[in-house]
Amino acid sequence: MDVSPGVIGAVSAAIAVPIFMGLIGKVKSLQPVKKTEKDFEQLAKEYSKWEIFALVPLFIFTPAIGFLIWYFLDLASHSIISNLGENIYLFPPTTAVWVLPAIFMSIFLAVIPAHYLYLGLLGKQRYSEYTEYGNLKSGMDSWKVLRYMAYVCIPVCIAFSGLALDCYIRVTEDTFVSNDLLSLGERTHNFDEIGSIELTKSFKAPNGNIVRRSYYAIEFKNGYVYEFDDSLSEVGFEQQREIISYITKGSTALVKVNDPYPN
């Protein structure tokens, strides 16, 4: 089974986050400091129901903020590529690219409206006790942990989004232009710079499974190889074939077939 990078990232996060939380809970500077005179049982009696109710606004704010982040990132991507001049073919990153940064950033940003909502409902004194109850229950200072996690996650999400916004492929009348995720600017190649084109029909995945999925790869004379299978644009095979058909009209390169595991 072929698993997408988005699914791999989500599963990895689901595994890594609990482990990370367990480790940082043992850091002395992140352990909670008791300030109220009430013991934990008293705090639990007063605020355990409020803790359960707190899930409601978080489940509202998180998807709402996540959708807005996803929407504006996708809008910005299409706005950027709309100014790239005349193109025969033009493919921005797939909209799924924005899901992970939207999810992670929304988790942190949703805490802000939830914080002010509870501050208004409980008042300053009771909200302080409610926060302390949560800290004592989890065994860590939740605001410190959240702040340190945000210092890492949000810059990473912003950096990834910035790189992805400048990622696309396009084909003009006589050039193939790619802007990969980690490249600084476009790579532009004329069709006569193409050394070979390979059509892969089957391959062995890193987990050892045999995958039978067709995709094209273009190798240029300077050694650069563009594989459609690794593209953030997720260009479908029929679209790939259409692009290759157009390119080969202006190139002498031949299409080689790579099918090491035929049916």
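I looked up Glu-51 to begin: at 24% relative accessibility this residue counts as partly exposed, a class that lies between buried (under 20% relative accessible area) and exposed (over 50%), with a 1.4 Å probe and protein chains only. I note that this is a predicted model, where local features need pLDDT of at least 70, side-chain atom pairs count only at pLDDT 80 or more, and totals for chains, interfaces and linings use all residues. Residues are numbered from 1 along each chain as its sequence is written, and side-chain values use heavy atoms, leaving out hydrogens and water.

Next, the partner of Glu-51. I found a salt bridge to Lys-137 at 2.9 Å, N to O; the term asks for a side-chain nitrogen of Lys or Arg within 4 Å of a carboxyl oxygen of Asp or Glu. Glu-51 sits in helix 2 (residues 40-53) and Lys-137 in helix 5 (residues 111-138), 86 residues apart. Helices here are DSSP runs of H or I with at least four residues, strands are runs of E with at least two, and both are numbered from the N terminus. Lys-137 is partly exposed too, at 48%.

Then I checked Glu-186, which forms a salt bridge with Arg-170, the closest N and O atoms being 3.1 Å apart. Arg-170 is buried at 12%, whereas Glu-186 is partly exposed at 33%.

My last stop was the open sheet, with four strands in the order 9-8-5-10 and mixed pairing; strands pair if DSSP finds at least two bridges between them. Strands 9 (225-227) and 10 (255-258) are at the edges with a single partner each, so one side of each has no neighbour in the sheet. Strand 5 (residues 194-200) and strand 10 run parallel, joined by four bridges.
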